[in-house]
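Keep the picture open while you read.

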Amino acid sequence: MTSLNIAGLLHYGIWRCIGYLAFSRIRVIGKERLTLVGPVVFVATHRNGALDAAPYSFAVPLAMPMVSAQLQRLPLGRFLFRGIAVARAKDKARGIKANNGKALAECIELLKVGGQLFIMPEGTSSLGCRHLPFNRGAARIVARAMAAGVRPIIQPLAVHYEDPTHWQSRVEVLIGVPIIPQNADEIAMHQSIVDGLEAVGANFVNTEAQQMAEKLAYARILSTDRSYAEHLKKFEGQVAPALSEQLRELEAVAKDKGLFLHQGLPLIPHRLWQRDLVKWLLLAPIIACFSILNFPVLAAGRIASRLLSDEQNVIAFWRMVVGLPVGLFWVVTVCVGLFVCAGPSWFVLYGAISTVGLLAWYRFRKLTVALGNAVFHPEMRAVLVTAYRNLAERKAHE
């Protein structure tokens, strides 16, 4: 399978739109390692609920996912979450049924014709400090495929969110080294999959170590085009004491002075702050108009994320589930109303403001935090610039 049919193109287009609406940027790191031809089983980490589909569909659009049967109970779910449905143990416990034997046969047939399969072996998502136990289903499918005369490539993927619960944050998909299975030994193959996923995912001893690594990785990529995922990986394991101490000092200063924070860090303009002020003044009226014109949508998404989510990993999901249909209804209503009652120029103006406001939201938040610190705490500029320079130059490990 080397191309998408009409249903696949439509599905891909929808998730690309969801990706644009949910995230400021989706990047694929390690594209040169991506296997593009022949039968492939992509195995991936599962972090942020069903919204993981947006970055993964961007990275591997041709792959057919295995999905939980619970996502396909309703027509809208079957449309959004196309794929080969299986019932997990917890689905069965809740009375949700699927023919897992038939699903396994479909996977083998897909690989036989050179298709690409997408599996998240954890079965459920978590934003915790390390991955959940990996199920053996992916290894079992590859073993059955090899017994049927097909030798699929196994390729690990991992998704890394800069700030998974925040709207319009950034996300990266890290592509791992392809695994060529040598034999149909299910246990050995499963261990290879575990090793491959741990090589691309980021795992820490506890939540404190995870949060420290996330801040250090973010500090390292500020004002650069470096990969957040690759830097996050560098902070697995024991961080150099001097580096962790530098971060704690920065956090203590931020708390003591009441500095504004972005993703846990007190940003400050590294160059002339007046230049950033000009950018902020240009964006501020656009962001204000965008927020006012689309207030019902923004409010609905925020309320849903607060009231409906019971875990961190479904905050973004519920924001999307409620915000997307409300947004679609609102945008269509406003566009039709403006076009009919006020004329095409107002319709175009609304569209332009909404598009620019969406695209500039992430940048505006960072500018606001950095300028807030520069304007209200100018005495801290030298301290913060020195702290970030030290964080960038010190070795991750000693």
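## Two loop residues

S223 counts as exposed, because its relative accessibility is 69% and the cut-off for exposed is over 50%. You'll find S223 in the loop that links helix 8 (207-221) and helix 9 (228-234). Its backbone is worth a look too: the phi of S223 is near 60°, a positive value in a residue other than glycine. Keep in mind that all of this comes from a predicted model.

Now hop along to Q263, in the loop between helix 10 (241-257) and helix 11. Q263 isn't a glycine either, yet it has a positive phi of about 55°. Is Q263 buried or exposed? With a relative accessibility of 16%, Q263 counts as buried, since buried means under 20%.

As a reminder, the strands of a sheet pair through backbone hydrogen bonds, either parallel or antiparallel.

## Zooming in on strand 3

Strand 3 (residues 64-68) is largely enclosed by the rest of the structure, because five of its five residues are buried. What does strand 3 pair with over two bridges? That's strand 5 (residues 116-119), and the two pair in the parallel sense. Here M64 stands opposite L117 in strand 5.

Strand 3 is also joined to strand 4 (residues 84-86) by three bridges, and these two run parallel as well. The bridge partner of S68 is V86, in strand 4.

## Two helices crossing

Finally, find helix 11 (residues 273-293) and helix 14 (residues 344-376), whose axes come within 6 Å and cross at roughly 135°. That angle is why helix 11 is described as oblique to helix 14. The crossing of helix 11 past helix 14 is left-handed. What kinds of residues make up the contact of helix 11 with helix 14? They divide into 21 nonpolar, four polar and three charged.

How values were computed. Residues are numbered from 1 along each chain as its sequence is written. This is a predicted model: local features need pLDDT of at least 70, side-chain atom pairs count only at pLDDT 80 or more; totals for chains, interfaces and linings use all residues. Side-chain values use heavy atoms; hydrogens and water are left out. Axes are lines fitted to C-alpha atoms, for helices over the stretch in contact, and angles run from 0 to 180 degrees between N-to-C directions. Helices (H or I, at least four residues) and strands (E, at least two) are DSSP runs, numbered from the N terminus. Angles under 35 degrees count as roughly parallel, over 145 as roughly antiparallel, 65 to 115 as roughly perpendicular and the rest as oblique. A crossing is left-handed if the near helix is turned anticlockwise from the far one by less than a right angle, and right-handed if clockwise. Ala, Val, Leu, Ile, Met, Phe, Trp, Tyr, Cys and Pro count as nonpolar, Asp, Glu, Lys and Arg as charged, and the others, Gly among them, as polar. Buried means under 20% relative accessible area, exposed over 50%, partly exposed in between (1.4 Å probe, protein chains only). Two strands pair if DSSP finds at least two bridges between them.
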